[in-house]
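Here is a short briefing on backbone geometry and a chain–chain contact. The notes below go topic by topic.

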Amino acid sequence: MSGVVGQALLVAVLAVPAVGAVVVAALRHDRAARLVGTVAAGLTLLAALPLVAGGDNGGAGPDPSPAVRPWHQVDLPWVPGLDLRLHLGVDGISWPLVVLTALLTVLCCGYTLWKVPSGGSGRALVALLLVVEVGILGTFLALDLVLFFVFFEVVLLPMYAIIVGWGGPDRHRAARKFALYTLFGSVLLLVGVLVVVTAAGTADIVALTGGTGLARGPQLAAFTLLALAFAVKSPLWPLHSWLPDAHTQAPTVGSVILAGVLLKMGTYGLIRVAVGVAPEGAEWAAPVLGVLAVAAILVGSLVCLAQTELKRLIAYSSVGHMGFVLLGVATLTGTGLRAALIGNIAHGIITGLLFFLAGAIKDRAHTGDLAELSGLRETAPRLAGLLGFAAVASLGLPGLAGFWGEAFAVVAAVRVGGPLWLTLAVLAALGGALTAAYLLRLLRQVTHGRASSPVARLGPGVARAELLTWAPLVLLTLAVGLAPILVLGVAQAPVDALLPGRP
Amino acid sequence: MSMVQTVDNVALLPAYLAAGTAVLVLLADLLVARARVTVSAAALGALATAAGAILVGGGGERRTFCVGADCSYVFGGRAALVAVLVALLTLGVLGLSGPLLRAGATPVGEYCFLLAASMTGGVTLGAAGDLISLIVALETLTLPLYVLVGLRRGSLASIEAAMTFFVVSVVATTLTLLGAALLYASTGALHLGRLGVLFAEQPELLDVPLTTVAVALVVVGLTVKVAAVPFHAWAPTTYDGAPLPVAAYLSTVSKLGGVVALLAVVQHALPARTTGPVLALLAVLTMTVGNLVALRQRRTVRLLAWSSVAQAGYILAPLGALALAAGRTGDARAAAYAAAVAYTVFFVVLELAAFAAVVALRPAGADGGTLEELRGAARRRPWAAVGLALALVGLAGLPPGLAGLFAKVTVVRSLLDGGAGWLALVVAVNAVLGLAYYLRVVAALWSTGQPAAVPTDPTPAVAPTDPAAVATGPVATGPAATGPAATGPAVTPTEPAAVLVRAKPVAAVLAAATVVALVVGFAPQLVLDLAAR
């Protein structure tokens, strides 16, 4: 594929949803607007998929510079006074996340076509979903630190509006908490980014990756700020407390986007920006990061064991799963980073599916209380079966997507060696067992037993729109589980380039 | 030395135009006595002033009233920027005044004359080259405002606001004058450039306690005009008691004037070693206190007033970098001044948009009201609500208010350039506090709850005017013809809130300010280039 086509696709990936959002907001007819939005999201996905073609997948080569080799890139000046360039690019680390984002947005817009959550109008929701998509995709594609920050911020208010406009009964408090926590993270990101930019004199991620041109002092300062910023977004224990509220109160599509891709902005930023730009700082802070990650795994799992609400349990499970991803990053090894990347993707797919299912169950039964949701298998066997599948995938059954990220994060920690990392690996493995425990408890409570009164009223049917929405996620869970090369193949070279001389 | 000076009248053209506007308005009001003509004369004059400032400013720096190398009037890039901004903001405020003037409690001729007189002060302020010119220009800007704040007939809150403003402001001016006198006593100079040279050549001057006291007095006196903590307490009372357009003028032009005066003395005259720590401390206090108190506000204009106190902190913050040696290098200083100017430009645009939206959302001639009264306003006036939301989000520094985002980036950037990372972190954390209350207003606009039926606040400045009086009373002499009538037969006296402002000028100002905010949001380089001149 020629360079121009790649560049055009790259621009289209951001321009199509942006224009789509404007059109959707301008259209008067609600259903037509939702349809236009879904089409725009679909076109975005179609533009994102072929970006992989023409990419230099295999050629890692012995020469590690430059450490970021985008397959396609666009580089235009924007604000020279602030070192801000419109520099976009895609490589093996960002492409899977770009596709995941585009896919989940299509599914969410499509789902909205079928069912609009109560609250505001459907077209406003779709427009906001598209704006969120622009922000997330921009974050993944940005190769300029200041641009990265700008896109990081774009997501915040539309997501706030989605939670406030279409959320559950306690939505105002949850949305405020989400906005303030996230803004706290992103102002730290701003300071961190500008520390790097003023110290190095450039904001170009391609030039900065590898830590060249940055002294140790600024690296440590920058990594501390950046890691804190991304820890809020990911979220890393103990900065996670916005997550359960926001995920529980958000409408189904909001939860799917939140858990599916919004959290990945944090882990992606940690890999691309924090570790990439300040490797010395990363090395210095890795043990702390590792300890916090394992704490997140254990705390997340233990809290899940005590949850009594379906959506809240799934929300808290994200804390644990993202803990595995962060553990992988903290090892600073190729294995660990690859585990983190595939863990990211797997969590996006599986948790997206879980939130869709939880939303479907709550919409039907009008309750999310686990105690009132027994016997789903009796009345809604398909729903129960899908929930079982997603839960089993989430707990990391080999052969399904969730397995690779968690298993290899532990393997990477073991390989680093030393008493600290061995302990962390053992504790993380224990956390994996706890994950299995709470998901199996969830299944036992929800699907088994005698049908409770809210469940007894359920019909067995699943709407065609729902099946269409969920099927891609089910298939991807299987595909990534059986052939992790789908993600790892493209990520191999860039990860090796990011960590020269590490296994 | 010859006592006859050659005067460069071209350099003075913007000042002539602004002063001419005031005279023209006065004459128009005397001779024609039609509100529409008076307002049009003021608006045209403001436009002409802006055009004149652009013309003169485009031709390079011009100096006049010179004694040797020291000039009292230097019309360069900064002065042109300030003059254009002041003239355009005055035009904007005139546009917002329609509903107030139509409501009839405010004399049109006096109102427009005072506004034009104040504009004259603002236009000359940026060009002031010595301390006395600076203080006179600043007072010319401020003096008419004492009257404007209290101009509403029969409003106690308005008079209270005017008195507060008057007392505080006069004390501040006295302090500045005393400081200037002491500076003259210890250095023998009044020209800003001369003072700067003296302090650079004779650092031992700073060891004299008198000099330190003088510098402190000048800086403190000027920070009152910016409404920086701890000299901020007049702002909320004055803003809330003043008519809405005057509050808009206070928080944009008046604040701009204070910033420009402060910048002039800090940049050209006073030693950064002394002013830096003071400004750093003031900046930290101002943004933190402003944001914390704004969190508790229940009245719209008071919230905006406290937020503008906090914003003054962000404006001062880049100057705080002068406290450290790393911030006093040539490059870092230039970046700090440019950042402060750039932030001010972004801020006044967003602030004007915010006030325009509040005017549009409120009944004609009413005060800002409570946040409760804005509840659900998005359903009644969706575009005005969107405008207010955009402006507030911009003030919070978040997309889609990119102008505010880049303003914050500029400030943090200049602070890090100056090695003041700690101050950058304070600014950053304050941005989070800021979002908390801006979000509350935005959320209220789209809230689905029922709006409060009757405003129960004990201190409304003036009750929304009885529609019957509007239709028949003083409007006959007021500018009722400048826009579509705000009242109609459908309005019953029991529903004052239904007297929605459908004035075109207000909408035009809101639209223009929003468009400018969007444009500078996507092309912030425009502002950065202007600010660096």
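P230(B) sits in the loop between α9 (209–226) and α10 (234–241) of chain B. The model is predicted.

**Cis peptide bonds**
- Chain A has a cis peptide bond between W237(A) and P238(A), with omega about 5 degrees.
- P238(A) is placed in the loop between α9 (216–233) and α10 (242–249) of chain A.
- Most residues other than glycine have a negative phi, and most peptide bonds are trans.

**Positive phi in chain B**
- A33(B) is not glycine, yet its phi is positive, near 60 degrees.
- The loop between α1 (13–31) and α2 (35–58) of chain B holds A33(B).
- A33(B) counts as exposed because it has 12 C-beta neighbours inside 10 Å, and the exposed class takes 12 or fewer.
- F65(B), also a residue other than glycine, has a positive phi near 55 degrees.
- Strand β1 (residues 62–67) of chain B contains F65(B).
- F65(B) has 19 other C-beta atoms within 10 Å, so it is partly exposed; buried would take 20 or more.

**Contact between chains A and B**
- On chain B, 25 residues are in contact with 24 residues of chain A.
- Elements giving two or more residues to this side of chain B are α18 (402–417), α19 (421–445) and α22 (525–531).
- α19(B) supplies the largest share, 11 residues.
- By residue class, the side of chain B that touches chain A has 20 nonpolar, three polar and two charged residues.

Methods. Residues numbered from 1 in each chain as written. Chains lettered and ligands numbered in written order. Predicted model: local features only at pLDDT ≥ 70, side-chain atom pairs only at ≥ 80, totals over all residues. Contact = placed C-beta atoms within 7 Å. Helix = DSSP H or I, 4+ residues; strand = E, 2+ residues; numbered from the N terminus. Nonpolar A, V, L, I, M, F, W, Y, C, P; charged D, E, K, R; others polar.
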